[in-house]
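Hi,

Here is the structure I promised to pass on.

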Amino acid sequence: MREQSYRDPVHDFITLRDPLFLDLIDTPEFQRLRRIRQLGASYSTYHGAEHSRFGHSLGVLWVMIRILERFSNIGIDIPQEWEVVAKAAALLHDVGHGPYSHALEGTLTPGLGHEEWSRRVILGPGPLHDRLRAHREELPTQVADVIAGIHSTTPGFISQLVSSQMDVDRMDYLLRDSLYTGVTYGRFDLTRLINTLQVYDDRIVCVAKGIGAVEEYLLARYFMYWQVYLHKTTRSHELTLVRLWRRARDLWESGALTAAQVPESLVPFLAGTPTLPEYLQVDDHDIAYAVKRWQQATDPILADLAYRLLHRKLLKPVYKVPVTQVPHARLPDLEALLERKGWDPQYYLVVDDVSRVAYDLYAPHAIGESKTPILAFDELGHPREITQLSPTMRALAAGTRVAVNLFVPLEARDEARALLTRR
């Protein structure tokens with residue numbers, strides 16, 4: 001029997017023997033994830049954050065394997081067909097991520113996020129789709145549906161394990177991102193958390209004595225959200241990258257940027273929506289090459305933004321600490337200030353509302369159908385939402401979820417701050 005062991009910094013050895021998953025990992029679509037950073041632009045803040053979606057995806061599969069083993073050990077009978085779907089969905093949940101992960105999501109392909117691209121990769125055509133279908137004809141559709149939160153052909157608890165408020169995705173990335181960024185905020189007892197999980201009425205529920213493990217997990221998520229994922233330098237890098245692409249697209253649409261001035265692989269992204277093969281040809285290296293190349297662009301804004309990204313001369317936050325709201329009535333004055341200094345506000349003034357970024361806090365009142373709340377058994381054995389049983393989580397969920405900042409060139413920051421903070 002073929003066996004492959006992956007030495008993982010988070011989970012130690014990940015040893016796989018199932019030919020299906022070994023073959024899926026070897027497909028070009030999955031290998032591409034080696035060339036996409038897990039944390040997008042966070043390497044500009046935390047120099048160790050160079051880890052990839054490949055390693056994360058392996059870790060997510062491993063966490064799923066451990067949870068399914070836990071269920072088997074406590075007598076929860078899961079048919080082999082469903083186990084395969086759960087493991088494949090865990091492994092492939094991020095296969096559609098584009099360059100720089102969340103940083104450029106919705107920018108390179110407006111209206112199409114990584115979940116939709118993951119579905120397209122899985123549903124094919126392509127080697128990954130062919131391997132799934134060779135195992136079982138309906139497997140690609142089942143896996144794609146689970147990733148989309150559709151569970152018409154598989155149990156709902158499997159979709160919960162893949163994508164919910166406490167899923168295998170978050171269980172891996174909190175630990176992995178904490179390790180690679182060098183912080184301690186994201187650590188929690190994964191083994192303890194796994195050993196608290198049960199299935200009740202087709203839902204994942206935590207045992208009553210495991211509430212402390214859930215609290216630790218949610219606190220890790222909270223601190224990683226504010227201290228790592230929303231770090232002001234990371235946000236500036238991401239927002240500058242978005243402005244660079246916006247300028248390139250504006251120039252393309254006006255005819256001022258031609259195909260000869262754009263890396264060949266990126267032309268389909270400026271010209272419209274790329275095909276699946278075109279999408280899969282692009283990774284972090286294509287964007288990095290474009291940034292280096294556009295430093296010599298004839299357009300001064302495109303060249304300047306590229307220079308800023310390459311040499312880490314990023315836009316700077318006006319507020320030292322994010323605020324709950326900005327004085328919108330003064331924004332026209334700020335725009336005028338930037339224009340006088342030669343900065344086009346369309347590209348050099350960014351209002352950053354982090355309530356809409358990819359990494360979300362736990363708040364039961366804001367949960368949609370695809371993000372079911374975390375449940376735990378009370379003393380009488382009834383499943384209840386976690387904040388009803390934990391005062392700590394109730395206080396956390398009730399806290400502030402809005403934080404806004406403004407980013408401008410360093411040369412204008414002090415005047416911008418004085419303009420916005422004066423009474």
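Below is what turned up, starting with how to read the numbers.

This is a predicted model, in which local features need pLDDT of at least 70 and side-chain atom pairs count only at pLDDT 80 or more, while totals for chains, interfaces and linings use all residues. Residues are numbered from 1 along each chain as its sequence is written, and side-chain values use heavy atoms, with hydrogens and water left out.

Let's start with the inside. A nonpolar core here is a set of buried Ala, Val, Leu, Ile, Met, Phe, Trp, Tyr and Cys residues joined through side-chain atoms within 4.5 Å. Buried means under 20% relative accessible area, exposed means over 50%, and partly exposed is in between (1.4 Å probe, protein chains only). The largest nonpolar core has 129 residues, and M171 and W294 touch the most other members. Helix α3 (residues 53–73) gives this core its largest share, 11 residues. Helices (H or I, at least four residues) and strands (E, at least two) are DSSP runs, numbered from the N terminus. Another core lies apart from the largest one; it has five residues, among them L230, V354, L361 and A403. As background, nonpolar side chains tend to be buried together in soluble globular proteins.

Which residues does W294 touch? Leaving out residues up to four places away in sequence, its partners include L244, W245, A248, L257 and Q261. Contact here means heavy atoms within 4.5 Å.

Helix α12 is worth a look too. It covers residues 232–254, and its 23 residues reach 33 Å from the first C-alpha to the last, close to the 33 Å expected at 1.5 Å a residue. That expected span is 1.5 Å times one less than the number of residues in the helix. Of the 23 residues in α12, 17 are buried, so the helix is mostly covered. G255 follows α12, and its phi is positive, near 90°.

Now the charges. A salt bridge is a side-chain nitrogen of Lys or Arg within 4 Å of a carboxyl oxygen of Asp or Glu. The whole structure has 23 salt bridges.

- D8 and R176 meet in a salt bridge at 3.0 Å, N to O. D8 lies in strand β1 and R176 in helix α9, so the pair ties together parts that are 168 residues apart in sequence. D8 is buried at 8% relative accessibility, and R176 is buried at 2%.
- D23 and R2 have their closest N and O atoms 3.4 Å apart. D23 is in helix α1 (residues 19–25) and R2 is in the segment before β1 (4–8), so this bridge ties together parts that are 21 residues apart in sequence. D23 is partly exposed at 27%, and R2 is partly exposed at 40%. R2 and D23 also belong to a network of salt bridges with D26 and R131.
- E83 and K87 meet at 3.8 Å, N to O. They are four residues apart in helix α4 (residues 80–92), which means that about one helical turn separates them. E83 counts as buried at 15%, as does K87 at 18%.

Next, the loop between α7 (139–147) and α8 (156–162), where T154 lies. T154 is buried, with 5% relative accessibility, and touches W82, V85 and V146, not counting residues up to four places away in sequence. G149 is in the loop between α7 and α8 as well, but is partly exposed at 34%.

Finally, some backbone details. Most residues other than glycine have a negative phi, and most peptide bonds are trans. Where is there a cis peptide bond? The bond from G124 to P125 is cis, with omega near 10°, and P125 is in the loop between α5 (114–123) and α6 (127–135). D12, in strand β2 (residues 12–16), has a positive phi near 65°. D201 also has a positive phi, near 55°; this residue is in the loop between β3 (197–200) and β4 (203–206) and is exposed at 60%.

Happy browsing!
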